[in-house]
Amino acid sequence: MDIPGDFGEAFIDQDIGDRIWAVAAKIFPICRSITGDGVRQTLREIGTHIALDIHEVPTGTAVFDWTVPREWNIRDAYIKDGRGNKIVDFAQSNLHVMSYSIPVRKHVSLAELKQHIHTLPEQPDLIPYRTSYYAEGWAFCMTHHQFQGLRDETYEVFIDSSLEGGHLTYGEFFHQGETDEEFLLSAHVCHPSLANDNCTGLALLTLLGKKMTGLRTRFSYRFLFAPGTIGAISWLARNEDKTQRIRHGLVVSMVGDGGGPTYKRSRRGSAAIDRAMVHVLRHSFPTSMVLDFSPYGYDERQYCSPGFNLPVGLIQRSQFGKIPQYHTSADNLEFIRPEYLAQSYRLIVEALDVIENDAILRSTMPKCEPQLGKRGLYGAVGGDKNSAAINMAMLWVLNQSDGMHSLLDIAERACLPFAVVSRTAKLLQKHGLLAGATPAIVDPMPSGAAQSSLIR
Amino acid sequence: MDIPGDFGEAFIDQDIGDRIWAVAAKIFPICRSITGDGVRQTLREIGTHIALDIHEVPTGTAVFDWTVPREWNIRDAYIKDGRGNKIVDFAQSNLHVMSYSIPVRKHVSLAELKQHIHTLPEQPDLIPYRTSYYAEGWAFCMTHHQFQGLRDETYEVFIDSSLEGGHLTYGEFFHQGETDEEFLLSAHVCHPSLANDNCTGLALLTLLGKKMTGLRTRFSYRFLFAPGTIGAISWLARNEDKTQRIRHGLVVSMVGDGGGPTYKRSRRGSAAIDRAMVHVLRHSFPTSMVLDFSPYGYDERQYCSPGFNLPVGLIQRSQFGKIPQYHTSADNLEFIRPEYLAQSYRLIVEALDVIENDAILRSTMPKCEPQLGKRGLYGAVGGDKNSAAINMAMLWVLNQSDGMHSLLDIAERACLPFAVVSRTAKLLQKHGLLAGATPAIVDPMPSGAAQSSLIR
Amino acid sequence: MDIPGDFGEAFIDQDIGDRIWAVAAKIFPICRSITGDGVRQTLREIGTHIALDIHEVPTGTAVFDWTVPREWNIRDAYIKDGRGNKIVDFAQSNLHVMSYSIPVRKHVSLAELKQHIHTLPEQPDLIPYRTSYYAEGWAFCMTHHQFQGLRDETYEVFIDSSLEGGHLTYGEFFHQGETDEEFLLSAHVCHPSLANDNCTGLALLTLLGKKMTGLRTRFSYRFLFAPGTIGAISWLARNEDKTQRIRHGLVVSMVGDGGGPTYKRSRRGSAAIDRAMVHVLRHSFPTSMVLDFSPYGYDERQYCSPGFNLPVGLIQRSQFGKIPQYHTSADNLEFIRPEYLAQSYRLIVEALDVIENDAILRSTMPKCEPQLGKRGLYGAVGGDKNSAAINMAMLWVLNQSDGMHSLLDIAERACLPFAVVSRTAKLLQKHGLLAGATPAIVDPMPSGAAQSSLIR
């Protein structure tokens with residue numbers, strides 16, 4: 001095995017942030033839910049960039065402890081006041097209707113209407129995002145200011161939705177690498193017009209997949225665009241045999257704001273993806289946060305359930321639930337920025353670079369240091385106070401390449417960025433001082449217990 | 001195995017603090033030592049609450065490297081000045097006489113008297129507590145202020161004591177549990193009128209044993225009320241075969257003041273009792289201190305000697321030797337308070353709850369999360385920012401119940417109180433989502449070396 | 001095995017600092033390099049104190065990846081200005097000539113001269129130390145102030161040196177101990193008039209070896225006085241079979257200033273020498289620094305190369321490269337002081353004491369505490385608040401001497417100086433309470449990987 005070319009740089013384009021933002025903006029207006037045409041329309045848009053396979057799972061399909069629900073679609077919805085003015089209009093914001101609201105058309109008193117309205121009293125200018133997938137009902141969402149101004153009159157409520165047998169829809173893009181070992185990249189596709197959560201994750205993975213097309217990688221990459229929870233569960237239920245191949249994984253969401261970045265470890269705690277992400281974050285972002293695994297969050301909940309215990313972490317900018325924009329109308333296109341999207345993209349690419357290129361090499365001159373000077377690899381004038389620094393990477397790689405330490409091991413011990421260690425190893429390999437690159441050992445699929453105890 | 005009922009709550013009575021204080025007050029005036037009728041009288045009082053077995057070990061009995069000493073009894077003692085006034089009187093405080101003082105009746109000069117007096121120059125208002133079990137002699141203890149006021153005259157000293165062949169006495173109360181595995185609870189019974197050290201430990205264990213009578217427990221409980229050092233050594237020497245059954249243990253002393261609480265780990269460092277006590281303290285007492293094992297202290301010195309290495313820790317409020325009242329006349333009934341005694345009792349009961357109920361369960365739905373909502377276990381409206389918190393315990397228990405993690409493991413990882421995790425597990429078990437509860441694995445009896453190296 | 005006498009005290013003389021300083025002062029003026037007569041003259045001086053074996057390795061000898069270079073000697077050198085005044089004179093400071101400068105005698109313009117001059121612009125009053133062992137050339141070193149004052153005229157440059165086939169020279173002193181297991185003590189002999197770096201290391205080891213002569217030690221001691229890098233590599237190449245015997249080692253340099261002390265761990269990270277040095281430093285020097293291994297520094301680079309991975313650390317006062325005097329004319333005899341040399345000597349002797357005397361003993365009374373009082377080993381009056389402290393060492397040693405913990409293990413766990421634990425163990429051994437002293441287990445020669453992962 002050669003150490004491949006620099007995976008990282010090949011993937012970075014100058015305008016990547018703008019391009020991710022543009023894709024996010026394109027899918028932002030669509031009204032998505034865990035089923036329905038909004039998901040299909042979103043996947044069609046993603047499919048204009050990458051060769052997406054669309055899967056339809058019929059309503060009623062049993063997926064582990066769950067059942068695929070009826071399909072929900074909505075065409076229009078409003079509240080009209082006594083004079084016939086639309087005071088709430090689905091066409092203006094799809095957050096106005098609670099997701100999975102059943103159809104309704106009737107006149108209601110203010111008192112009855114209030115029982116079907118969600119607001120955020122502490123954020124009175126924002127519309128909340130609400131769902132009720134498994135308890136049948138209907139509701140509108142509005143700002144608390146508007147709610148407080150409602151007059152005591154008769155209102156017309158209208159939701160032109162349908163909740164019927166149909167399908168749950170998800171999309172997959174698969175990039176075949178040199179091996180069948182897989183890297184899973186997963187983004188939820190079920191939220192309506194929330195820009196950061198998760199138009200950004202969908203858009204970033206779409207353009208990452210596009211960039212990967214035609215490039216050589218060591219791992220195969222599986223991109224999954226599925227509804228949260230029930231979508232991931234459906235995929236796992238239908239692809240249980242494939243989960244054995246997943247060696248690494250990332251759930252990607254909320255990657256367009258300026259917070260964090262935040263990485264949440266997999267349940268295993270120190271899987272290769274955990275080490276790679278933590279390494280990259282520590283060297284690139286002094287403000288980054290690394291969270292231990294907890295069983296609340298995004299679809300890592302399912303991937304990391306004890307029966308699978310896959311090495312899948314979560315990458316975000318701000319942590320979900322910790323910012324005022326979370327699950328409100330303030331999570332709009334102004335909240336996300338191309339520069340942050342570019343940073344997030346680069347971070348993920350750098351972690352992939354570690355995963356792809358981490359390898360164990362062996363010094364061909366293990367006894368004493370090789371003479372770097374005669375190969376032109378060393379400052380020629382000894383005694384210079386500054387020559388030490390520029391030679392440290394070479395010395396570390398040679399000292400630690402005893403067949404037991406991978407390049408990431410060395411980068412961690414030497415406190416050097418992986419890319420520096422990796423470039424140095426290539427240079428030393430070219431001069432015959434390193435040999436026998438073999439992929440770094442990836443943990444086998446252990447029981448959750450054995451692994452997680454490492455960070456107890 | 002079922003997860004038993006809530007061990008903790010069954011044991012707590014509202015007036016428990018007052019009742020422990022009352023028992024402590026009853027035995028406070030008795031003049032105890034490592035042998036003699038004071039010990040017997042104390043054990044008789046304890047025996048009015050629980051079915052105590054009294055054991056008498058003859059003087060001269062070899063117990064490991066030690067020999068049971070002669071029995072000491074005292075009836076009266078005083079110092080009279082030149083005019084016949086009692087300036088020191090045993091009847092007023094039994095601390096006035098050094099424990100194990102031999103009989104004496106003579107007239108002495110001030111100079112000679114001073115060679116037989118102990119004071120505390122830095123605490124001039126307090127009478128010290130002194131003993132001389134193994135070096136024959138006699139002495140009085142008084143305040144330093146009194147000592148400084150002694151005039152140069154002839155004094156009469158009188159100690160009506162006896163030091164003769166007899167017995168060493170200790171008491172045992174045994175509560176049979178469902179298994180023969182034992183939990184040892186030990187309190188020293190050898191100190192005279194020192195309220196906190198250890199009328200409180202004796203009284204607390206007495207009422208804990210009383211409460212336990214008739215209740216079902218998993219472990220059998222052995223309560224030992226024995227003189228410090230020589231008493232514990234005598235018990236160990238006479239019951240060496242039983243020590244194999246001791247799976248957990250606590251030495252209880254000084255549990256009536258408002259300091260700490262202080263837990264000193266067993267020599268093993270991370271035995272189940274260590275984990276349980278540390279867990280309970282961290283969740284209940286922000287001011288608590290956890291000390292690593294050291295070979296100085298109470299009878300954990302003997303239980304944790306290398307030839308036994310039993311998993312026995314020490315629970316106290318203030319740490320011994322660290323407070324001005326320690327081993328002085330200021331350790332009186334005003335120094336101990338019902339509220340602190342109730343706290344200490346509750347702490348111990350909570351730790352016993354962990355030990356009794358720690359179990360390993362298995363999720364019956366290990367692949368993906370079970371659908372809590374359809375069982376009424378989950379907030380029905382998604383997207384709510386606050387619903388996460390109330391569901392965390394369920395998610396943690398389900399995620400970690402892979403057959404390898406006990407409830408205490410889960411409580412530690414989730415930073416949740418054991419009682420919350422335990423209640424949650426019961427709820428999930430009732431809904432069929434957890435099965436197969438087996439007792440948490442307790443460390444076998446390892447060599448001290450192997451275990452203690454864990455916290456080196 | 002007995003616990004030997006106190007290794008430490010036998011080695012300390014009151015005037016040791018002055019005597020080390022005197023030896024350092026004697027060899028300071030000599031112009032050393034990695035080869036040549038300066039090394040031979042230095043070794044002859046050392047040989048007046050200890051029975052030194054001198055080894056000569058011919059130019060051209062292959063030593064691993066390196067080749068022994070031509071031998072360099074220098075007799076005179078100067079720069080004369082236009083009026084014939086010597087403005088730089090080798091006789092005044094051998095730092096004025098770059099080490100390994102080829103012979104030159106010619107007249108040069110200021111412009112050409114400047115291409116052959118090294119200065120320290122940020123330390124304008126100091127002459128730098130420069131070498132060019134493997135790139136042929138010539139150069140002078142001077143203060144930056146002098147450099148700035150050079151007038152535009154013609155200069156005569158003269159270096160009367162030779163660079164020819166010859167030898168590399170190193171010296172060895174061997175002290176036979178009771179076993180053939182070796183302790184390697186190594187100091188570089190290649191620097192010219194730099195007092196701290198490394199006249200001090202050479203002088204300290206010289207007098208340590210002298211003191212050792214005739215004394216009984218458990219380990220055999222090998223003292224190596226060799227040129228840096230190429231000298232250590234030559235020794236390793238010629239003595240590869242002997243490296244199996246090296247159980248401990250220290251590189252000694254820069255031990256005469258008042259900084260630090262600084263200990264750099266071996267590549268293994270927790271070898272016996274690492275534990276011994278860290279223990280001694282923590283108890284003796286609150287200002288000491290302990291550095292993790294890194295592959296830059298002195299000859300520990302070679303000893304700790306992955307093919308050898310010997311347990312060799314580095315002891316210094318100030319850390320190399322971190323002080324302004326480093327590799328300049330300010331590293332002179334005024335910079336080093338007898339008191340610091342005495343401290344450094346004592347530190348090393350204390351570490352040797354640990355290495356020599358660390359042993360595993362077994363309590364002969366493992367069940368309960370032995371009765372110290374009846375042997376006169378314990379304060380006779382119980383209850384005294386202060387008696388605990390003075391008995392702690394005995395209690396720790398007895399409690400931990402279960403056949404698994406060495407005296408150093410006990411000292412570390414008890415936070416007591418090794419010497420206290422060792423003396424206590426001797427006392428207990430004398431009273432029959434400890435038996436069976438066997439040498440502490442020294443790590444076998446592991447692969448670097450397995451060991452170094454311990455401190456990853």
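Student: Does Trp72(B) count as buried or exposed?
Tutor: This is a predicted model, so the answer is a computed one. Buried means under 20% relative accessible area. Trp72(B) has 3% relative accessibility, so it counts as buried.

Student: Which residue forms an aromatic pair with Trp72(B)?
Tutor: The pair is stacked, with 25 degrees between the planes. Centre to centre, the distance is 5.8 Å. The partner of Trp72(B) is Tyr100(B).

Student: How many residues apart are Trp72(B) and Tyr100(B)?
Tutor: Trp72(B) lies in strand β4 of chain B. Tyr100(B) lies in the loop between β5 and β6 of that chain. The pair links distant parts of the chain, 28 residues apart.

Student: What is the relative accessible area of Tyr100(B)?
Tutor: The cut-off for buried is under 20%. Tyr100(B) is buried, because its relative accessible area is 2%.

Student: Which residues do ring pairs link into a cluster in chain A?
Tutor: Start with Trp72(A) and Tyr100(A), which are both buried. Ring pairs join these two to others in a cluster. The members are Trp66(A), Trp72(A), Tyr100(A), Tyr133(A) and Tyr134(A).

Student: Over which ring does the charged end of Arg105(C) sit?
Tutor: The charged end is 4.1 Å from the centre of that ring. In chain B, Arg105(B) lies over the face of Phe158(B). For Arg105(C), the ring is that of Phe158(C).

Student: Which residues have the most contacts inside the largest nonpolar core?
Tutor: That core has 140 residues.

Technical notes: Residues numbered from 1 in each chain as written. Chains lettered and ligands numbered in written order. Predicted model: local features only at pLDDT ≥ 70, side-chain atom pairs only at ≥ 80, totals over all residues. Heavy atoms only, no water. Core = buried A, V, L, I, M, F, W, Y, C linked by side-chain atoms within 4.5 Å. Buried < 20%, exposed > 50% of the residue type's maximum accessible area, 1.4 Å probe, protein only. Phe/Tyr/Trp six-rings, centres within 6.5 Å; stacked < 30°, edge-to-face > 60°. Helix = DSSP H or I, 4+ residues; strand = E, 2+ residues; numbered from the N terminus. Lys NZ or Arg CZ within 6 Å of the ring centre and 35° of its normal.
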